[in-house]
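Here is the note you asked for on this model, written as numbered points for checking beside the coordinates. Please read each point with the structure open.

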Amino acid sequence: MRPEVMTDALIAFIERFDPAFSSKLQGASDEEIARLEALVGRSLPPVYRDFLRRMGKGMGDFQVPRVSFDIERISGVYEDEDRPPARYQLVAVEEQDPYFDFYLDLEWASGPDFGVVRFESFGDLTQKTVSRWALSFHELLLALACLYKWLPTFPARTGLLLSSAKLTSMKQPGAALPQLLEQVATRLGFQKVPQSSRHCLLLERGDAAIFCEVSPRGGPFIEAAAADKAELARLSEILRDSLPLV
């Protein structure tokens with residue numbers, strides 16, 4: 001998937017439930033992107049460059065609490081003496097302690113994209129833990145859009161956790177859970193959202209939604225949302241009875 005197609009897919013997903021979303025975005029100018037590249041000392045990865053071009057100065061009401069993707073904030077970090085290592089490209093800054101910022105790991109390629117890691121931007125990196133966070137930048141943004149833009153449109157939501165005990169008794173590997181989830185959800189009237197990616201499964205039914213993410217942090221992580229608490233309780237019970245979930 002080309003970088004511009006990835007950004008188009010993200011915007012198209014959000015516009016399924018917020019048709020005016022693209023009109024709220026503010027992209028960074030060529031001059032602002034060139035300035036960041038000069039500060040970094042190399043060309044930006046195309047997937048990140050296209051993101052900045054489309055929404056690098058404003059993501060509308062797609063906001064992640066305490067996290068900034070704004071190009072001016074990113075440039076400010078590169079102006080400091082305590083610069084991130086060349087292997088990593090800073091893409092988002094956490095604005096409060098523990099300042100666990102988001103980076104593309106340029107040695108962890110995922111097609112034209114890169115895996116995302118998190119660590120504190122300040123101090124000696126050799127003394128810090130680098131946490132693998134998402135399998136690609138596109139899937140990071142897609143997951144954040146689900147958690148902070150799509151699911152909040154429903155009045156009721158809940159998380160569903162993988163059960164080791166159930167998983168053992170069912171003799172099913174955790175990696176197979178997204179496929180099993182899709183089968184069960186299809187029988188309940190859900191459809192797979194076209195913008196679903198390899199590791200972010202998005203299922204919708206009009207009155208309800210299911211999000212399943214496979215990430216280096218573990219999981220899979222599943223959230224369900226519905227138009228009312230009664231339907232969410234019914235849906236959650238069916239999923240827990242049908243799948244290795246609690």
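1. Basis. This is a predicted model, in which local features need pLDDT of at least 70 and side-chain atom pairs count only at pLDDT 80 or more, while totals for chains, interfaces and linings use all residues. Residues are numbered from 1 along each chain as its sequence is written, and side-chain values use heavy atoms, with hydrogens and water left out.

2. The largest pocket. About 390 Å³ of space lies in the largest pocket, a pocket being an open set of points on a 1 Å grid over the protein atoms alone, where a 1.4 Å probe fits, with protein on both sides within 12 Å along at least five of seven lines. The volume is the space filled by probe spheres set on the points, which are joined across faces, edges and corners. Its lining, meaning residues with an atom within 4 Å of a point, comprises 23 residues, and W133, L144, L147, Y148 and R217 are the closest to the centre.

3. Make-up of that lining. At least two lining residues come from each of β7 (131-134), α5 (137-150), β8 (156-160), β11 (208-215) and β12 (218-226), and α5 gives the largest share, 5 residues. Helices (H or I, at least four residues) and strands (E, at least two) are DSSP runs, numbered from the N terminus. The lining divides into 16 nonpolar, 1 polar and 6 charged residues, where Ala, Val, Leu, Ile, Met, Phe, Trp, Tyr, Cys and Pro count as nonpolar, Asp, Glu, Lys and Arg as charged, and the others, Gly among them, as polar.

4. The second largest pocket. This pocket has a volume of about 230 Å³ and is lined by 13 residues, with S110, D113, S136, H138 and E139 nearest its centre. Its lining holds 4 nonpolar, 6 polar and 3 charged residues.

5. E213. This residue lies in strand β11 and is buried, with a relative accessible area of 6%; buried means under 20%, exposed over 50% and partly exposed in between, with a 1.4 Å probe and protein chains only. The side chains of E213 and R217 are joined by a polar contact of 3.4 Å, that is, a pair of N or O atoms within 3.5 Å of which, within protein, one must be able to donate a hydrogen and the other to accept it, residues adjacent in sequence counting only if both atoms are side-chain atoms. Neighbours within four places in sequence aside, E213 is in contact (heavy atoms within 4.5 Å) with A143, H199, C200, P220 and F221.

6. L90. In strand β4 (residues 88-94), L90 is buried, at a relative accessible area of 0%. Not counting residues up to four places away in sequence, L90 touches Y48, I74, V77, Y78, D101, F102, Y103 and S121.

7. Helix α2. Within α2 (residues 30-40), the buried residues are I33, L36, E37 and V40. They lie on the same side of α2 because they cover an arc of only 100° around the axis, the arc being that of the directions from the helix axis to the C-beta atoms. These buried residues pack against α3 (46-55), α4 (71-79) and β4, whereas the face turned away carries the exposed residues E31 and A38. Just after α2, G41 takes a positive phi of about 95°.

8. Helix α7. In α7 (residues 177-187), L177, P178, L180, L181, V184 and A185 are buried. Their arc of only 160° around the axis puts them on the same side of α7. The buried residues of α7 pack against β10 (200-204), β11, β12 and α8 (229-242).
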